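Open your viewer and get ready to select. This short tour tells you where to click next.

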Amino acid sequence: MVKRAPRDGSEAASASAAKSPAKATRVTNQIRRLRFEAGEMTQAELAERIGVTRQTLIAIEQGRYSPSLETAFRIARAFNAGLDDVFQYPAESPLEEESNQ
Amino acid sequence: MTFNSAPEERSAWIMLVLAAVGYPVYLALLLGGLEGRPLTEAEFAWPMLWTIGGSILASFVLHALFRVFTDLDNNTRDERDRQISRWADHTGQAFVVAGALAGLVLAMLRLDVFWIANAIYLGFFLSAVLGSIAKIIAYRRGFSATW
């Protein structure tokens, strides 16, 4: 069982977004941190558990690919975490963020 | 391209290189066999068939070589590969349609079969180039299923 991230994950999400130059999606994720917290699980191990190639897992982790909902659930399940602990979708504007709260 | 890249990305590079080499080879064979005759009298069928056959053979050999020199995990396909493949094929097919339409129009205008065949072949070539580039960009820059 891994430690739960804050529900919005905004701080870590924006940090991971800043690391990767090319973004095909606004969806951010905590996979790197969760892997580290889950006993430094390797990308190859996680990829095998969720049934994708290591290249695809790297692309997901770097925000270059948004996985299907099924794969997203499998990733969350691998960490015994909730979907929104793993993936975040930042609001487009502060107004949208307020209306969601 | 690295040995660590996805199999479909390697495949796209192979296709791009073969298209980029194959079409100039075809043109060289075509123009080389002219010997002062007008272009429409050129023997285009054999250069075309040789180029297509050579590309298929070279593709087979290059894919086999990559399979030998990379690990097994690298040769499996997953959801991202399938999505990118569909999107890139769809993008490249625009030129197949354009080539077919050009062929149709040229046939309606009763132009020489040389121009009809070459318009269609050019469509195939551009489709291969565009589809490969689209695939490489999707693997390198990122891909969203909403594209």
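How far apart do the end C-alpha atoms of residues 115-138 of chain B lie? Select that span: the ends are 34 Å apart, and the span is 100% helix and 0% strand.

Before moving on, some ground rules. This is a predicted model, where local features need pLDDT of at least 70, side-chain atom pairs count only at pLDDT 80 or more, and totals for chains, interfaces and linings use all residues. Residues are numbered from 1 along each chain as its sequence is written, chains are lettered from A and ligands numbered from 1 in the order in which they are written, and side-chain values use heavy atoms, without hydrogens and water.

**Next: residues 12-32 of chain B.** Their end C-alpha atoms lie 30 Å apart. This span is also 100% helix, with 0% strand.

In chain B, the unreviewed UniProt entry annotates residues 12-32, 44-66, 87-109 and 115-138 as "transmembrane region". Such annotations may be inferred rather than shown by experiment.

**Show all of chain B.** You will find 4 helices and 0 strands (DSSP runs: helices are H or I, at least four residues; strands are E, at least two). From the N terminus, the order is α-α-α-α. Of the 147 residues, 39% are buried (under 20% relative accessible area, 1.4 Å probe, protein chains only).

**Last stop: A:Ser66.** Look in the loop between α4 (54-61) and α5 (69-78) of chain A. A:Ser66 has a relative accessible area of 16%, so this residue counts as buried. Leaving out residues up to four places away in sequence, A:Ser66 touches A:Thr25 and B:Phe143 (contact means heavy atoms within 4.5 Å).

Definitions and conventions. Buried < 20%, exposed > 50% of the residue type's maximum accessible area, 1.4 Å probe, protein only.
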